[in-house]
Amino acid sequence: RPEGAPVGPDAVRRAVLDVAADRFARQGIGATTRRELADAAGVHPNLISRYLGDRSSLVQAVLDDLAVQVAAELLAVGTGALSYEPDTAAWRWTRIVVQAVITEHLSVEVDPEAWNPVKAIADVLVEALGADPRSARIRAAHVVAAALGWRLLEPYLVIAGGLEDEPIELLRAELNRAHQVIGALPVEDVG
C-alpha cells in the first residue's frame, strides 16, 4: 500500500467519493475509468466495488454525497449565496446529475426523506420566507431548474442575450436574486 493511502472502509469511501466527484464532473461519467479513480484515490480498484458497488451505485453514492454537501451549504448561506463556481459541490452535483439523467444508462434515484438540494431549498423557503410547504417544494424545483439551466448553458445564454459586456459576477448575482424572487412567490392553483 502506498504511503498516505486511505485505510479502512470510511477512509477509502471518502477518498473515492471525492476523486469520483471531481473526475465525473470534469471528464464525464463515461470517460472516467475505475482504474483511474483507484489510482487517484490511492486505493486498489477492487476496494471501489467492495465499498461503493458497481458504476451505477458509485454514481448514485457520489450524487448523494454531493447533495448532502450542497444541502448543508444551502442551509448555512441561503439560496442567494450558493456558489456554482467550478470546484464547488453545487457545480459538481449539477454537472454529474445532468450527465446521469441525459445518458439514461444510469437510474438516478432520489430518496424523498434524504437531504438533497431541492429539499434543502424548500426548507430554506419555509424557514426564511415563511412559504407554505407545498409552494416551497414547487418553487425549490423551479430554482434548481433555473440554476441547472444557467450553469449548463451560461456561455450560450451570455452570447444569445448580448450580455458579453456584463460582468459574469453580476449575471450570476442576478440569477441568485431571481431565485429569491421565485422562491418568495406563492403557488396559485389553476382551474
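What pattern does the protein chain follow when read along the sequence? In this predicted model, the run is simply α-α-α-α-α-α-α-α. Of the 191 residues in the chain, 41% are buried. As for how the chain meets itself, take the contacts between residues at least 6 apart in sequence: 61% of these join residues at least 24 apart.

Now for the inside. The largest nonpolar core holds 44 residues, and those touching the most other members are Val-16, Phe-24, Leu-58, Val-62, Trp-93 and Ile-96. At least two core residues come from each of H1 (9-27), H2 (34-41), H3 (45-52), H4 (55-77), H5 (89-103), H6 (117-129) and H7 (133-160). The top contributor is H4, with 10 residues. Phe-24 gives a closer look at this core. Setting aside neighbours within four places in sequence, Phe-24 is in contact with Leu-58, Val-62 and Ile-96, and also with Ile-29, Thr-32, Leu-37, Arg-55, Val-59 and Gln-99.

The axes of H6 and H7 come within 8 Å and cross at roughly 130 degrees, so the two helices count as oblique to each other. The crossing of H6 past H7 is right-handed. On the H6 side, Val-118, Ile-121, Ala-122, Leu-125 and Val-126 make the contact. H7 brings Pro-133, Ala-136, Arg-137, Arg-139, Ala-140, Ala-141, Val-143 and Val-144. Sorted by class, this contact has 11 nonpolar residues, two charged ones and no polar ones.

Key:
Residues are numbered from 1 along each chain as its sequence is written. This is a predicted model: local features need pLDDT of at least 70, side-chain atom pairs count only at pLDDT 80 or more; totals for chains, interfaces and linings use all residues. Side-chain values use heavy atoms; hydrogens and water are left out. A nonpolar core is a set of buried Ala, Val, Leu, Ile, Met, Phe, Trp, Tyr and Cys residues joined through side-chain atoms within 4.5 Å. Buried means under 20% relative accessible area, exposed over 50%, partly exposed in between (1.4 Å probe, protein chains only). Helices (H or I, at least four residues) and strands (E, at least two) are DSSP runs, numbered from the N terminus. Contact means heavy atoms within 4.5 Å. Axes are lines fitted to C-alpha atoms, for helices over the stretch in contact, and angles run from 0 to 180 degrees between N-to-C directions. Angles under 35 degrees count as roughly parallel, over 145 as roughly antiparallel, 65 to 115 as roughly perpendicular and the rest as oblique. A crossing is left-handed if the near helix is turned anticlockwise from the far one by less than a right angle, and right-handed if clockwise. Ala, Val, Leu, Ile, Met, Phe, Trp, Tyr, Cys and Pro count as nonpolar, Asp, Glu, Lys and Arg as charged, and the others, Gly among them, as polar.
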